[in-house]
Amino acid sequence: MATLMPNEEVSGIGLDLESHDRMKASLLHMVLTQHEQSVMTAASGTIDLQAALAVFSAKESVYKALNPLVDVFIGLREVEVEISGAGFRVRYVGGKGLELMERGEGHIAWHADFVATLFVLR
């Protein structure tokens, strides 16, 4: 998969594709921050694995967009994702000074078999 954009418009882009059955309940504590867990359990008392999968994929696309620029490992629990419809925003909660990711915009597309996320850093 490849993407082309003028350099002046985009400084980083990340794409991720995950199979719908990839997320397991045993992985939630490694993927979600405490805040994300509390937000996701507020409505029903449990975490929807498909919603958690979308958050995981979003974090992966953020990493793919940012890592070539900063050459720093970014842990899954250093990024908080807020999904809204077919998009998402991120907040950096780690200690490495990578708040520039908060300028990006995220997009989500669902298919019966997978979820795809795209993160564009302008």
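Predicted model: local features only at pLDDT ≥ 70, side-chain atom pairs only at ≥ 80, totals over all residues.

Colleague: Okay, now the fold. Which pattern does the chain follow along the sequence?

Modeller: Reading along, you get β-α-α-α-β-β-β-β. That comes to three helices and five strands. The radius of gyration is 14 Å, close to the 14 Å from the globule rule for 122 residues, so the chain is as compact as a globular protein of that length. If you want the extents, the C-alpha atoms fill a box of roughly 45 × 35 × 20 Å along the principal axes.

Colleague: What share of the residues counts as buried?

Modeller: Of the 122 residues, 39% do. The accessible surface of the chain is about 6900 Å², and carbon and sulfur atoms hold 56% of that.

Colleague: And the contacts: what percentage of those with a separation of 6 or more comes from residues 24 or more positions apart?

Modeller: That share is 55%.

Colleague: Next, aromatics. How many aromatic pairs are there?

Modeller: The general idea is that you describe a pair of aromatic rings by the distance of the centres and the angle of the planes. In this chain the count is two pairs. One of them is F88 with F119, at 6.0 Å centre to centre with 20° between the planes, and it is stacked. F88 sits in strand β3 (residues 87-92) and F119 in strand β5 (residues 114-121), so this pair ties together parts that are 31 residues apart in sequence.

Colleague: Is F88 buried or exposed?

Modeller: F88 is buried, with a relative accessible area of 3%.

Colleague: Where in the chain is D71?

Modeller: Look in the loop between α3 (49-70) and β2 (79-84).

Colleague: And is D71 buried or exposed?

Modeller: D71 counts as exposed because its relative accessibility is 67%, and the cut-off for exposed is over 50%.

Terms used: Residues numbered from 1 in each chain as written. Heavy atoms only, no water. Helix = DSSP H or I, 4+ residues; strand = E, 2+ residues; numbered from the N terminus. Buried < 20%, exposed > 50% of the residue type's maximum accessible area, 1.4 Å probe, protein only. Phe/Tyr/Trp six-rings, centres within 6.5 Å; stacked < 30°, edge-to-face > 60°. Rg over C-alpha atoms; globule rule 2.2 N^0.38 Å. Contact = heavy atoms within 4.5 Å. Areas by Shrake-Rupley, 256 points an atom, 1.4 Å probe, with all protein chains shown as cover.
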